[in-house]
Amino acid sequence: MSNSKTVRCDEKDKNTLLKFKHGLTDFSGVLSSWSTEKKDCCQWRGVHCNNTTGKVAELNLHCQETFAISFDDLHKSKCLKGELDMSSLFDLEFLTHLDLSNNDFNTIQYNTCGTPSHECGNSSGSNIRYLDLSENDNLRANNILHWVSNLSSLQYLYLSGINLQKEENWLESVTLLPSLSELWLANCRLQDIYPTLPYANFTSLKVLNLFGNEFVSRLPTWLFNLSCGITHIDISKSFIHGQLPETLPYFLQGLELLSLQRNDLNGSIPNWVGQLEQIQKLKLSDNLFSGPIPTSLGNLSSLITLYLGDNLLTGIVSEIFFHLNPKLVELALGSPSLIFDFDPKWIPPFQLQAIHLSYLNSELPSWVYTQTSLTLLHIDNSRMLLEPPLKFWRFVSDHVEYLFLFNNSINGNMSNMLLNSKVVWLIGNNLRGGVPQISSNVTILNLAFNFLSGPISPFLCHEKKERNLKYLDMSHNLLSKEIPDCWMHWKSLLYINLEDNNLIGQIPHSIGSLSNLFSLTLYHNMLSGEVPLSLKNCTKLRLLNLGENKFFGAISSWVGQSVIGLQLRSNQFSGNISPTICQLHSLEILDLSNNRLSGPIPSCCRNITSMISKNESFESFYVTFPMTMVTFYIDLTLLLLIKGIKLNYTHSIRVVDLSSNNLSGSVPSELFMLTGLQSLNLSRNQLMGKIPQDIGNLTLLESLDLSSNLFSGQIPQSMSALTFLGALNLSCNNFEGKIPSGTQLQGFTNLSYMGNSKLCGPPLTKVCPQDEKPPNEEQTREENEDEDGNFEVQSWFCMGLGIGFATSFLGVLIAVFFNERFRHAYFTCLSQFYYMLTQNFNSIS
């Protein structure tokens, strides 16, 4: 035997990797091992080489995180950023596996040649079999699929989470990949599924995932004519409508997973679904399917997941439906007209891990308590008696790890309950009494939209030991008293929502001990006092909503510099707007409306750099919690007043609202450097001066309200560049001159301009002097005749009005002096009549 020599990294591949690294932003040193000092690149992080040649074969730089906030840069602070140079990576001519998923790349560079490698050189990526760029949420690329279609060896393609809205003919591009086995395009904002296309030329496709797109279309014809032996189809949550075919499509007989849930499919569930002998997961929930459930579903011996809930199905479901299928582990059933009729003594042949029941109108079926392997229990839209209640809560505490009770009529008293599940989601169940206690197992607790009352101090201060709770929502209840000063025992909290209760007092200082907190909502309570400076210690705080309370004092340094959304509307904050606001470089939502702020708008506002970018923002407010069984995506909302309408926004929008204060001075031109602004509201202040031409820089502006100020001068011609403007209010100012013509500014009604007496031009009826035409002789004669006729009519009208008034006056005079109620009504009417008369007289003259 001879000693085998260790194969080291190819020098050319090493230089290619260093070139790729050079174009990236790597704040946390993910690629710190990629250096000239460590010469063997096969030992670098994420690099795997061929044991024989030393050539790079795999590159795995998937980014991990413990929790994620989609609008938060911090959740990807340990991920790679910047430009993704694919042309450089494809110089690795033996690279077969490339995983760059869940990073934060914003642009992508690749070779745009449209033919194989003899024209593109070694950068064609012709050996790539596995490509994963998914969950790069900010990645912007045009025709990325057109480029991918040149990767002739590609078998696995994962692009989920990338915005492909502008992709041209995406289906044709992916069908050009002859070896493609798995295609994942979930949540890509795709809009065309080509419903009339008879065939899609997939030759090797086994897995097709189009979950969460925006098709708004009927089921495509090509989906049922796939001749490639497909096994997995998922087009859930994609606005699909129509009916399933009446007969079993020949090419779908080998399906193992069919998921069409959360669409608008109607008609009956066809009997052929019960003939899918290899089906393991069948998910048709949340549609408009009607009629009975096919009894043949009970014969699917391989079925482990059955989701039929939240449809319009009818009939009776009993133990006979399930036959003897011991493999079933997940079940979702329930429709408004579906009747459950189980034998109380029935013991199922299966042990379910997940149960989703809807529209129960009686007690919880007794067989549920036999499911000792249960991990997830979801019950919604039910009038359900928990008798005896302790039996249910004890069963849940002992077995259920994920508990979801949503929109039920339980009417339970929770004062003495102890909750033990990892996830407790109890929204809108008419729960009453005090806030229940929780064990250290609880990670997510949502008790919103119930009738819980009393103080929250027993909940927060019951035991002085560390908890593991990350998500706390007790909004929309009847909670009262003060917020206790016990937050130092809840340092794991990431999210707090106590909105819409009856809480009083101040924000306790211990709130500053929540160093991981990223969202705090105390909106619409009766809280008061100054905001504690300790809040600044919450360095990861991104959403802060203290609106509609009675807080006072100055808006000062208690605002952390990581804040994206700051909502302080409808309080009693006073003083000048501090220049420290300008240090909030990540700020995208600034709502200080309806306070007592005074002084000028800070000219340093141009330093809020996140409002300068003109890139479209598709980022949603949500947080993810990866757990053992599932990953939870919890949507967050922020109530904003935009275009005169209060709406809950679940996505990022760039807003400045300083309305209803006492701000004075002129608007600084620096404000119009925030070119990413989508809504600007400065109404009901004492601002003055002219609106500069720089306002035309705000080309993404959708809503502009400058009403009820002291602005003067002409409306800038540059406003014609605001092509996205959908709401405009310039009323009650001192604007003058002609409204810029030939623009969308004429598309608004005169209400947008009323109260500016010196304005003229469409849409106002007042004609500008420069637009008046000298009348010709014929027009003058016609106008004189009209005036004579009008004068005669007006004379008779005034004469008749006088006679009528004189005669009626004598008739009511006695009643006026002898009846107090009539006298009061009479003089009120007379005053209104006098006003109308003078107005008519002025218009006549």
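Guide: Over the ring of Phe-451 sits the charged end of Arg-432, 4.7 Å from the ring centre. This is a predicted model: local features need pLDDT of at least 70, side-chain atom pairs count only at pLDDT 80 or more, and totals for chains, interfaces and linings use all residues. Residues are numbered from 1 along each chain as its sequence is written, and side-chain values use heavy atoms, with hydrogens and water left out.

Visitor: What makes a charge sit over a ring?

Guide: NZ of Lys or CZ of Arg must be within 6 Å of the ring centre and within 35 degrees of the ring normal. Arg-432 is listed over Phe-451 at 4.7 Å. Lys-391 lies over the face of Tyr-369, 4.3 Å from the ring centre.

Visitor: How many aromatic pairs does a search of the whole structure find?

Guide: The search finds 25. One of them joins Phe-342 and Trp-346: the centres are 5.5 Å apart and the planes at 10°, so this pair is stacked.

Visitor: What are the cut-offs for such a pair?

Guide: Rings of Phe, Tyr and Trp (its six-membered ring) pair if their centres lie within 6.5 Å. Planes under 30 degrees apart count as stacked, over 60 as edge-to-face, and the rest as tilted.

Visitor: Are Phe-342 and Trp-346 buried or exposed?

Guide: Both Phe-342 and Trp-346 are buried. Buried means under 20% relative accessible area, exposed over 50%, and partly exposed in between (1.4 Å probe, protein chains only).

Visitor: Why is the pair of Phe-350 and Trp-367 called edge-to-face?

Guide: The planes stand at 85° and the centres lie 6.4 Å apart, so the pair is edge-to-face. Phe-350 lies in the loop between β22 (337-340) and β23 (354-358), and Trp-367 in the loop between β23 and β24 (376-380), so the pair ties together parts 17 residues apart in sequence. Strands (E, at least two residues) and helices (H or I, at least four) are DSSP runs, numbered from the N terminus. Phe-350 and Trp-367 are both buried.

Visitor: Which residues form one aromatic cluster?

Guide: Phe-340, Phe-342, Trp-346, Phe-350 and Trp-367.

Visitor: How do you know that Val-216 is exposed?

Guide: Its relative accessible area is 59%, so Val-216 counts as exposed. Val-216 is found in the loop between β11 (207-209) and β12 (217-218). Its phi is near 45°, a positive value in a residue other than glycine.

Visitor: What is the phi of Lys-481?

Guide: Phi of Lys-481 is about 70°, positive although the residue is not a glycine. Lys-481 lies in strand β33 (residues 478-482).
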